[in-house]
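Please keep the sequence and the structure in view while reading.

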Amino acid sequence: APEALGLPTDLVMNLAAGLFILPFFLFSAMAGQMADKYEKSAIMRKVKLAEVLIMSCAAIAFATESYWTLLILLFVMGAQSTFFGPAKYAILPQHVSTNELVGANALVEMGTFVAILVGTLGAALIVDQENARLITSVAIIGVAVMGYLSSLAIPAAPSANPDLKLDFNPLRTTWQILRQARAQRGIYLAIMAISWFWFLGASYLTQFPNFAKTVLHADATVVSLLLAMFTIGIAVGSLLCDHLSGHRIELGIVPIGSLGVTLFGIDFYLAIPSVMPAAVLGWTDFVSRPELMRLLLDLGGIGLFGGFFIVPLYAFIQQRSAIEERAQIIAANNILNALFMVGSAIAGMLVLGPLNLGIAELFLLIAVANLLVTFYVYSQIPEFALRFVIWILAHIMYRIRSQGLERIPEEGAAVLVCNHVSFVDAMLIAAAVKRPIRFVMDYQIFKSPFLGWFFRTAKAIPIAPRHKDERIYEQAFNAISEELRAGNLVCIFPEGKLTRSGEINTFRGGIEIILANDPVPVIPMALQGLWGSFFSHKDGAAFTKVPRRFWSRVRLLVGEPVAADAASAAHLELQVRGLRGELA
């Protein structure tokens, strides 16, 4: 094709890539507006029908060897993808519950990367066939038709913002949507983190062919093998993410993902052999050499942890975006993703050109930069670090088993009451309960360097005994009332202090004051298995003993809701005692 166009191969490849990605800059904002304004399944069906027409034209262009036409159609396919993306992601929260959102995104990401892999490997097989153009034409039309037929089964998703006025000025709408995303700092930084992953992924995928040829002295089959390990890793990581997150949007997995990407990226650089055999290696030769298998395992690890990284972020964006502008926020994500992928190409040219470094050094720089970039994002959104600490506690130091969580309402205000055994009670409850909770904590805890940071980040409410600090006391009850009137969950520990005997202390009357102001349901809960932990007062003050056990079994038992008019302190104490039983 490059010879037929009369242009150098490198120029044609870059031109093709540029034509495909250009529509994401031109039309993403418009696509986001349309997906918010109109019914999404109809948009998806029309876009897939357009794909059938585009692929039919491409088949004719292949048959007639009209390569300039193919380049134009590549631009049109980029536009088709641009209009499909916002509707595809924005429709998910309308058809799945919050508990299923991570799993749904995991399936989408897995499907995306498996499709990339199958398409790349399929193209490599077809190009060597005698009737390659005919087979290609049939294949692209067939895939497009299957896509359209599949789209017919998509359930309807009503318009989120039917009164939205469309703006067809691409520059103005792009700027407005980016500004709209930036106004929501948490969402914007999540978008930047996703875009950085696309920068990293594009850098690897772009360099695989030259890396295999010049560094590994291998043929095209090894390029396919490298691509396969990377994409399979992402697919597996995406699916595992739903399991590790407990079917919830768990931001605590994101730092684990970024750390894994960096560690495997550095090891990938260290695993590159300094000397390769003179003979060109095929994929069978490659996998038979143990020292080269390490490269494949590292690539799989990068992809695996990359899945941990991006899936929760996509779900986070979908959940936190207002429904009437969700597709536009996703469009802003697509714009920045495209910008970062272009940036990865420019960075690659700079590193391999003026800086005169090799591909191996480029991979090392990317791995180190990943740690710096993601650390910046986490420092700007403390919620990531907060959830990371909670996830580590819940999965490494303790094994939490819950019973009766379905009794906690999915929406609306309620007060959770629980026995108080250790300094990590709130963290473990937060790990088990899917809804965000506002914890009421003793004001003295906020003076602790680590615990104080944690509870301030978690927006806990400090409280003091009235005789010690009446101002903090009054502010606490005002804050509790505000949270309940906003429809949130509030958790209190009515004992007022950690147990020093393992037994439940007498419940104080603060819960009755709360319910007098805001008569909401009360959910009694009990923790089992924490007495004797490093964070409890057994055998001495907490934090003063050497930890003696890890991955300890902890149970959170949730009782039936108690109506506000029946929820006295004494009654709730009996409920919690009954839940906890004899096991402290």
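Does Glu 65 count as buried, partly exposed or exposed, and at what relative accessibility? Glu 65 counts as partly exposed, because its relative accessibility is 39%. The classes are defined on relative accessible area: buried is under 20%, exposed is over 50%, and partly exposed lies in between (1.4 Å probe, protein chains only).

The model is predicted, with local features needing pLDDT of at least 70 and side-chain atom pairs counting only at pLDDT 80 or more, while totals for chains, interfaces and linings use all residues. Residues are numbered from 1 along each chain as its sequence is written, and side-chain values use heavy atoms, leaving out hydrogens and water.

**Salt bridges**

Side chains of opposite charge can pair when their charged atoms come close. A salt bridge here is a side-chain nitrogen of Lys or Arg within 4 Å of a carboxyl oxygen of Asp or Glu. The whole structure contains twelve salt bridges. The table gives three of these pairs.

| Pair | N to O distance |
|---|---|
| Glu 65 and Arg 133 | 3.1 Å |
| Glu 291 and Arg 289 | 3.0 Å |
| Arg 407 and Glu 560 | 3.3 Å |

Start with the salt bridge between Glu 65 and Arg 133. It links distant parts of the chain, 68 residues apart: Glu 65 sits in the loop between H3 and H4, and Arg 133 in helix H7. Helices (H or I, at least four residues) and strands (E, at least two) are DSSP runs, numbered from the N terminus. Arg 133 is partly exposed, because its relative accessible area is 41%.

Next, Arg 407 pairs with Glu 560 in a salt bridge. These partners are 153 residues apart, with Arg 407 in the loop between strand S1 (398–403) and strand S2 (414–418), and Glu 560 in the loop between strand S7 (552–558) and helix H21 (569–580). Arg 407 is partly exposed at 31% relative accessibility. Shared partners also join Arg 466, Glu 470 and Glu 474 into one salt-bridge network.

In the remaining pair of the table, Glu 291 is partly exposed at 37% relative accessibility. Arg 289 is partly exposed as well, at 27%.

**Backbone**

Glu 65 has a positive phi of about 55°, although it is not a glycine. Its loop runs between helix H3 (40–64) and helix H4 (67–90). Asn 356, also not a glycine, has a positive phi near 55°. It lies in the loop between helix H14 (326–352) and helix H15 (359–380). Asn 356 counts as exposed, because its relative accessibility is 63%.

Helix H14 also holds Ala 338. Ala 338 is buried, at 1% relative accessibility. Its C-alpha atom is 8.8 Å from that of Phe 199, 139 residues apart along the chain.

**Cysteines**

How many disulfides does the structure hold? The structure holds zero, a disulfide being a pair of cysteine sulfur atoms within 2.5 Å. Cys 418 is in no disulfide, and the nearest cysteine sulfur, that of Cys 491, is 6.2 Å away. Cys 418 is buried, at 0% relative accessibility. Cys 57 is partly exposed, at 42%.

**Positive charge**

Arg 500 lies in the loop between strand S5 (489–492) and helix H20 (510–517). Arg 500 is exposed, because its relative accessibility is 62%.
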